[in-house]
Amino acid sequence: MEIDWDSLTFSFTATDVMYRQVIPAGSEWGEGDLLPFGDISISPAAGVLNYGQGIFEGMKAQRADDGSIVLFRPKQNSARFAIGAERLGMPPVPEKIFIDAIESVIRENERWIPPTGRGALYVRPVLWGSGAILGVAPAPEFTFMVFVCPVGPYFKGGMSPISLRVSDEFHRAAPGGSGGVKAIGNYAPGMMPSKMAKKEGYAEIIYLDAVEHRYVEEVGAANFFCVKDQVLYTPELTGTILPGITRDSIVQLARDSGYTVHEEKVDVEFAMQADEAFCAGTAAVISPIGRIEHGDKVTEYCDGEVGEITHQLYHSLLDIQLRRAEDKHDWIHVVKE
Ligand SMILES: *Cc1c(COP(=O)(O)O)cnc(C)c1O
């Protein structure tokens, strides 16, 4: 079957092969299996289905300019997956097993990797408490799976700045909770607020901190940045914010380019007086923010254009990811040369 690359969006498409490994609680991760992609059977009493004992990861395998197949900083995803597993009472998957699993699924689905610049193969590792359990406690069995989906380029027809609304009503995470890990249960509560905002014409909502209702936390499921007088600001990682790998890479790239970057609490009032704003995550890399509304206050950034520093950082990161620029930090992981 021919794949129509131009019709790809950021949505689910079944591919050829997936990876699965199941272990009983108390034992170690070993070797998993490559299986045809398809449905799995699971007990209705599984811990993941009843109590949300599950985490996920998201990364992109891309065809670089030189034709090689590459991942961007997958060891960071592995480390974050391990921290999430511990937080949710599950056995962490060792780095080698994690990387070998994703590499083998990517290789087996090579025909699904879009040509350079026309999208990516989105890689989705998941870890679930799959065993049956009635009481609220870690499941007696765990399942680690990896599947992949081809996705189209995030910005078809160029980057366009998005419009956001600050929520005074909903919060994403609270201190001591699970906001700092990719726990599956963190995402469903954001669906209704996000859907409401979209209905009113906003691309997403901005969440403020749950204690003082004052500091910017995240934009939907992406990290927030703003630029004021050539200095970058991004909310510090206090446990309620997901430590994005894109966020970390932007902080490093900005510092490499000579900018000062402050990781600190970012007051929403300050953010609304900034010169540029953008959000960052694997899917879009960087999305410029054109407009933020908070109550009856409105800020428009850069007359609806993409800010200069936003543009510069987006291209420097993309150039590294597609091997057009030198990989000084050793961020590129080659799956196939
Ligand atoms: C995954 C995620 C991000 C972005 O992380 P990346 O590693 O850059 O993809 C940001 N916020 C939330 C809530 C996320 O789940």
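In the predicted model, F72 stands opposite I332 of strand 17, a position that belongs to the antiparallel pairing of strand 5 with strand 17 (residues 332–336), which extends over four bridges. Strand 5 (residues 69–72) directs the side chains of V70 and F72 one way and those of I69 and L71 the other way, and these residues are all buried.

Strand 5 also pairs in the antiparallel sense with strand 4 (residues 59–63), in this case over three bridges, and here L71 of strand 5 is found opposite A61. The two strands, 4 and 5, form a hairpin in which five residues lie between them, and within the turn G67 adopts a positive phi of about 90°.

A polar side-chain atom of R80 is placed 2.8 Å from a ligand oxygen atom, whereas for I245 a backbone N or O atom lies 2.8 Å from an oxygen atom of the ligand. In the case of T282, an N or O atom of the side chain is 2.5 Å from an oxygen atom of the ligand. Of the 380 Å² that the ligand exposes when taken alone, 95% is buried by the protein.

Conventions:
Residues are numbered from 1 along each chain as its sequence is written. This is a predicted model: local features need pLDDT of at least 70, side-chain atom pairs count only at pLDDT 80 or more; totals for chains, interfaces and linings use all residues. Side-chain values use heavy atoms; hydrogens and water are left out. Buried means under 20% relative accessible area, exposed over 50%, partly exposed in between (1.4 Å probe, protein chains only). Two strands pair if DSSP finds at least two bridges between them. A polar contact is a pair of N or O atoms within 3.5 Å; within protein, one must be able to donate a hydrogen and the other to accept it, and residues adjacent in sequence count only if both atoms are side-chain atoms. Accessible areas come from the Shrake-Rupley method with a 1.4 Å probe; for residues, only the protein chains shown count as cover.
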